[in-house]
Amino acid sequence: EPSYLDFIVGGEDSVIAHWMKAGAAGWRLDVADELPDEFIRRLREKARSVKKDAIIIGEVWEDASNKHAYGVRKKYFTHSLLDGVMNYPIKNAILGFLTGEINAGELCERLMAIIENYPKPVHRCLMNIIGTHDTARAINALVCKDVLHESKSFKANYQMPADLYEKGKRMLRAAANLQ
């Protein structure tokens with residue numbers, strides 16, 4: 001919708017220009033793979049016109065280097081739309097390794113895929129996460145996976161046993177070291 005696009009990125013007091021002038025360093029775009037490339041391009045141009053080193057990070061759950069959405073290959077990196085993405089593949093690899101779902105060889109393969117698939121300048125702009133508000137808390141994913149499949153009311157009243165909590169803290173430290 002042109003009027004919405006103008007409100008967000010068009011004018012001198014667009015949403016992007018307003019917050020960049022107020023001191024924002026850049027933008028993290030929720031569900032970036034749902035946004036049209038043209039929208040991201042215009043957002044980046046507006047942000048960079050106000051602050052030349054503004055950073056644009058996209059939330060993309062898969063390998064963003066070859067992401068397809070709505071039958072179109074996204075151009076995040078081939079057309080310099082995003083500086084980096086939230087690195088869910090590294091989260092999945094680290095947690096998978098620590099829980100024994102994958103072995104060290106598979107961990108290395110997954111990490112090398114990120115290094116090989118993403119343009120080198122992107123590596124320094126990746127949000128290497130262990131968990132987000134959209135995923136199970138890392139400590140739960142590491143030590144109480146069975147609880148994750150329970151009902152909301154069960155989870156609301158669940159108290160992690162002290163021994164699991166201590167194990168979870170050790171595993172979170174290991175995850176942070178791998179991160």
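Predicted model: local features only at pLDDT ≥ 70, side-chain atom pairs only at ≥ 80, totals over all residues.
Visitor: Which residues of α1 and α3 make the contact?

Guide: On the α1 side they are Tyr4, Leu5, Ile8, Val9 and Gly10. On the α3 side they are Phe39, Arg42, Leu43 and Lys46. Sorted by class, this contact has six nonpolar, one polar and two charged residues.

Visitor: At what angle do the axes of α4 and α10 cross?

Guide: Helix α4 (residues 88–98) and helix α10 (residues 162–178) cross at roughly 135°, and their axes come within 10 Å. An angle counts as roughly antiparallel over 145 degrees. Helices α4 and α10 are therefore oblique to each other.

Visitor: Is the crossing of α4 and α10 left-handed or right-handed?

Guide: Helix α4 passes α10 in a right-handed crossing. From α4, the contact takes Ile94, Phe97 and Leu98. From α10, it takes Met171, Ala174, Ala175 and Leu178. By class, the contact of α4 with α10 has seven nonpolar residues, with no polar and no charged ones.

Visitor: What describes a pair of aromatic rings?

Guide: Two values describe such a pair: the distance of the centres and the angle of the planes. In this structure, the count comes to four aromatic pairs. For Phe77 and Tyr118, the ring centres are 5.4 Å apart and the planes are at 50°, so the pair is tilted.

Visitor: Where do Phe77 and Tyr118 lie?

Guide: Phe77 lies in the loop between β4 (72–73) and β5 (84–85), and Tyr118 in the loop between α5 (104–117) and α6 (120–123). The pair therefore ties together parts that are 41 residues apart in sequence.

Visitor: Are Phe77 and Tyr118 buried or exposed?

Guide: Phe77 is buried, and Tyr118 is buried too. Ring pairs also link Tyr76 with Phe77 and Tyr118 into a cluster.

Visitor: What is the secondary structure of the protein?

Guide: The protein has ten helices and five strands. Its C-alpha atoms fill a box of roughly 55 × 40 × 35 Å along the principal axes. Of the 179 residues, 36% are buried. Among contacts with a separation of 6 or more, 71% join residues 24 or more positions apart.

Key:
Residues numbered from 1 in each chain as written. Heavy atoms only, no water. Axes fitted to C-alpha atoms, helices over the stretch in contact; angles between N-to-C directions. Helix = DSSP H or I, 4+ residues; strand = E, 2+ residues; numbered from the N terminus. Parallel < 35°, antiparallel > 145°, perpendicular 65-115°, else oblique. Left-handed = near helix turned anticlockwise from the far one by under 90°. Contact = heavy atoms within 4.5 Å. Nonpolar A, V, L, I, M, F, W, Y, C, P; charged D, E, K, R; others polar. Phe/Tyr/Trp six-rings, centres within 6.5 Å; stacked < 30°, edge-to-face > 60°. Buried < 20%, exposed > 50% of the residue type's maximum accessible area, 1.4 Å probe, protein only.
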